[in-house]
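This briefing reviews selected features of the structure shown below.

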Amino acid sequence: MKFTLSWLKEHLDTDESVEKLADKLTMIGLEVESIEDKARQLAPFTIARVISAEQHPNADRLRVCMVDTGNGAAPVQVVCGAPNARAGLISVFSPPGTYIPGKDITLGVGTIRGVESRGMLCSEAELKISENHDGIMELPADAPVGTAYASWAGIGDPVFEINLTPNRQDCTGVHGIARDLAAADMGKFKDPGIKQIRGEFPCPVSVKVEDASLCPGFALRLVRGVRNGPSPEWLQKRLTSIGLRPINALVDITNFMTYDRARPLHVFDAAKVKGDLVVRRGREGETLLALDGRTYTLDSSMCVIADEQGVESLAGIMGGEASGCSEQTTDVLIESALWNEINIAQTGRKLGINSDARYRFERGIDPAFMVPGLEMATKLVMDICGGTPSDNVVVGKSFGDDRIIEFPLTEVKRLAGVEVGFPEMKRILGHLGFMVAGSGPAVKVAIPSWRSDVHGKADIVEEIVRIVGVDQVPMTPFERGEAPRKPVLKPMQLRTRRAKRALAARGMVETVTWSFISRPQAELFGGGKAELALANPIASDLSDMRPSLLPGLIAAAQANSDRGFADVALFEVGQVFRGDRPEDQFTSAAGVRHGFATQAGLGRNWTGSAGANAFDAKADAFAVLAAAGAPMQALQVVPGGAAWLHPGRSGSIQIGPQNVLGHFGELHPRALEKLGADGPIVGFEVILDRIPEAKARPTRAKPALELSPLQPVTRDFAFIVDRTVKAGDILRAAQSVDRKLVTAITVFDVYEGKGIEDGKKSVAIAVTIQPREKTMTDQEIDAVAAKIVAEVNKKTGGVLR
């Protein structure tokens with residue numbers, strides 16, 4: 001929401017500075033995002049007169065100008081290349097040290113082709129006033145030399161931009177912002193009443209509303225004999241100051257009403273409307289050529305205004321070009337209506353239209369201002385364009401429902417801890433438009449029609465406290481008592497943090513993607529259930545809750561690749577949804593690697609790596625599980641994974657067959673094709689909720705772990721086993737012999753072929769035995785080795801090769 005200081009002062013009598021107003025706006029919940037103050041930015045630029053303009057001795061297109069800056073000092077020499085530089089010209093001068101916004105430079109004393117230049121004569125483009133850079137500015141002959149240009153030109157009006165929360169629909173107009181500032185003692189609110197315009201003839205156009213749930217109220221009036229041309233200067237300045245382009249008087253009036261009073265209106269050229277107006281649902285396949293030049297296809301969920309010819313306007317969002325006003329318009333229909341907020345939001349999203357009208361209607365506007373808004377717009381049309389008004393046609397309700405809240409005065413102290421006297425409460429609420437009846441201990445508060453966001457006692461407390469100042473809320477420490485402090489973070493919060501740190505440490509970049517994906521993508525990853533489809537999706541390709549983080553990550557990786565950044569490693573830790581029950585919602589950690597983003601580093605390297613592979617994804621998954629506290633010695637890796645993974649280049653991580661923690665591997669080419677991504681891409685996903693909680697056992701304190709001074713012993717074993725036997729089973733069998741002595745086991749060779757029977761394979765493992773108390777003898781080492789051989793034979797059928 002943008003507005004200027006002078007516009008604000010039309011509704012607020014104030015002498016406060018720009019800085020103080022900005023601070024107060026932020027303190028009362030209307031956060032100021034930026035202030036554009038051209039008076040300050042252009043302060044060094046002054047009006048000057050060119051005394052003489054001689055040809056440059058060393059350049060045909062340059063002139064050496066002597067400039068009177070009007071400060072009583074000697075004329076200043078300026079080298080200028082503008083074709084219109086001449087003696088007697090009144091222009092704009094900037095001295096050395098001035099920042100030139102149009103060129104993003106700070107001006108200094110320079111020498112141009114051997115002639116010194118001590119300043120600059122400026123074009124409009126160099127001051128960012130317009131795009132005109134054909135020559136230096138030419139001002140009227142009576143422009144006062146030496147005066148600040150911005151002040152003389154009247155472009156020194158500061159422009160505020162505030163960030164509104166969705167509940168403050170009343171502040172989408174300057175009038176509502178001024179009301180809040182007046183309540184905060186920033187000035188006196190100016191709210192003159194709106195006089196009723198008496199109609200001089202019956203309105204010849206009637207209105208029928210087929211569905212009152214879509215349009216609770218509708219007001220219409222005809223004005224005959226208007227002259228539609230350019231807006232007056234004051235109106236054009238209002239609009240251009242906030243970045244709007246003036247079009248014609250009738251359209252500019254509606255834009256002014258939108259920003260001044262948060263009351264969007266629409267004007268029809270009455271000559272182009274055939275018959276009466278009907279507010280109805282759109283029909284399947286109907287189209288509308290809108291004022292933005294685009295044709296929209298409508299359906300039965302959308303609300304439209306139609307006549308005998310068809311749809312003339314997309315209700316509450318945008319008008320149609322066929323009935324739009326032009327310079328030839330002589331009779332105009334002014335429409336002021338109330339629309340269903342949800343329907344406006346749904347229609348805008350479906351069609352991808354973001355208009356000023358939609359922005360306000362989907363938040364809810366003041367229902368009681370429907371008819372007064374029509375009266376105010378009529379007055380503006382008559383003042384600017386002339387014309388004779390008809391009677392009003394009003395259908396449905398022209399006011400909101402009465403809302404009265406029983407409010408105990410003690411609620412402010414109870415909820416906010418702030419002592420506010422009743423007279424101050426009443427003053428604040430009165431300035432905000434609330435009516436207070438009674439004197440305590442409880443009062444009745446009537447809610448104004450423009451504050452549809454106020455529903456209960458806590459909302460009234462919020463209104464009082466934000467005006468008093470949230471900085472007045474005392475800091476209150478929690479009572480901790482004698483008991484020791486309990487952990488602040490829950491186990492899942494700790495897991496989430498540790499998982500993120502582990503993946504970031506592996507060179508991956510954190511990503512935040514949508515929680516919604518398309519139905520085909522959801523089905524590809526095991527979702528797509530009807531109960532997980534959104535009733536009101538923000539886009540057709542974001543229709544379902546995601547069953548996996550991988551579709552969003554793959555889309556992000558592809559978007560980077562499309563822009564020339566193919567080597568990416570991305571991760572996300574977030575929620576996934578497998579059903580509509582709370583227990584079907586999980587916290588997942590997932591990551592993808594694309595191109596040469598391997599765990600060894602980003603990009604091609606001397607090792608000759610062919611890019612990320614399934615083992616990179618496996619290492620990522622194990623890093624997450626280790627950081628999250630999974631029992632690493634109990635993890636099992638099973639070949640093959642989910643359907644979206646390559647069957648020969650993937651695996652599943654589990655703790656027994658009943659607890660599958662996740663999957664890793666290379667994405668299946670068919671899955672990538674459906675996702676519109678270029679492969680190969682490797683990835684993983686683990687469910688942090690499925691990691692079992694570590695069992696807390698009372699133990700005696702143990703000394704800090706130290707390196708053993710005794711020499712470890714490594715023995716290699718090669719076992720002949722059936723081809724179906726998993727290497728992990730051999731490792732677990734060897735480990736179980738003596739968990740204190742056997743400290744490490746790794747597989748270093750798997751062989752099938754000559755010398756090995758069909759259906760068999762050789763699996764070679766290296767076992768590290770670490771003595772703890774004394775050096776082991778050969779006989780003791782052989783005894784441990786024999787136990788390993790016997791245990792592997794017992795559990796896997798393996799025979800020492």
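With which residue does aspartate 68 form a salt bridge? The partner is arginine 49, and the closest N and O atoms of the two are 3.8 Å apart. The model discussed here is predicted.

**Salt bridges**

- The pair of aspartate 68 and arginine 49 links distant parts of the chain, 19 residues apart: aspartate 68 belongs to strand E5 (residues 63-68) and arginine 49 to strand E4 (residues 46-55).
- Aspartate 68 counts as partly exposed, at 22% relative accessibility, and arginine 49 is also partly exposed, with a relative accessible area of 35%.
- In total, the structure holds 45 salt bridges.
- Arginine 593 forms a salt bridge with aspartate 620, with the closest N and O atoms 2.8 Å apart. Because arginine 593 lies in strand E34 (residues 585-594) and aspartate 620 in helix H17 (residues 614-627), this pair ties together parts that are 27 residues apart in sequence.
- Both arginine 593 and aspartate 620 are buried.
- One network, joined by salt bridges that share partners, comprises Arg168, Asp170, Asp180, Arg451, Asp453, Glu463 and Arg466.
- Arginine 261 and aspartate 260 meet through their side chains in a salt bridge of 3.7 Å, N to O; both residues are buried.

**Nonpolar core**

- The largest nonpolar core has 112 residues, and Ile177, Trp339 and Phe407 have the most contacts inside it.
- Helix H10 (residues 370-385) gives the most to this core, contributing 8 residues.
- Leaving aside residues up to four places away in sequence, tryptophan 339 touches a set of residues including Leu214, Pro216, Phe218, Val279, Ile305 and Phe361.

**An open sheet**

- Five strands form an open sheet of mixed pairing, in the order E15-E18-E21-E22-E23.
- Strand E15 (207-209) and strand E23 (318-319) stand at the edges with a single partner strand each, so one side of each lacks a neighbour in the sheet.
- Strands E18 (residues 277-281) and E21 (residues 303-307) pair in the antiparallel sense over 4 bridges.
- Valine 279 stands opposite isoleucine 305 in E21; both are among the residues that tryptophan 339 touches.

**Cysteines**

- The structure holds 0 disulfides.
- Cysteine 122 is buried, with a relative accessible area of 0%.
- Cysteine 385 is in no disulfide, the nearest cysteine sulfur being that of cysteine 325, 9.2 Å away. Cysteine 385 is buried, with a relative accessible area of 0%.

Terms used: Residues are numbered from 1 along each chain as its sequence is written. This is a predicted model: local features need pLDDT of at least 70, side-chain atom pairs count only at pLDDT 80 or more; totals for chains, interfaces and linings use all residues. Side-chain values use heavy atoms; hydrogens and water are left out. A nonpolar core is a set of buried Ala, Val, Leu, Ile, Met, Phe, Trp, Tyr and Cys residues joined through side-chain atoms within 4.5 Å. Buried means under 20% relative accessible area, exposed over 50%, partly exposed in between (1.4 Å probe, protein chains only). Helices (H or I, at least four residues) and strands (E, at least two) are DSSP runs, numbered from the N terminus. Contact means heavy atoms within 4.5 Å. A disulfide is a pair of cysteine sulfur atoms within 2.5 Å. Two strands pair if DSSP finds at least two bridges between them. A salt bridge is a side-chain nitrogen of Lys or Arg within 4 Å of a carboxyl oxygen of Asp or Glu.
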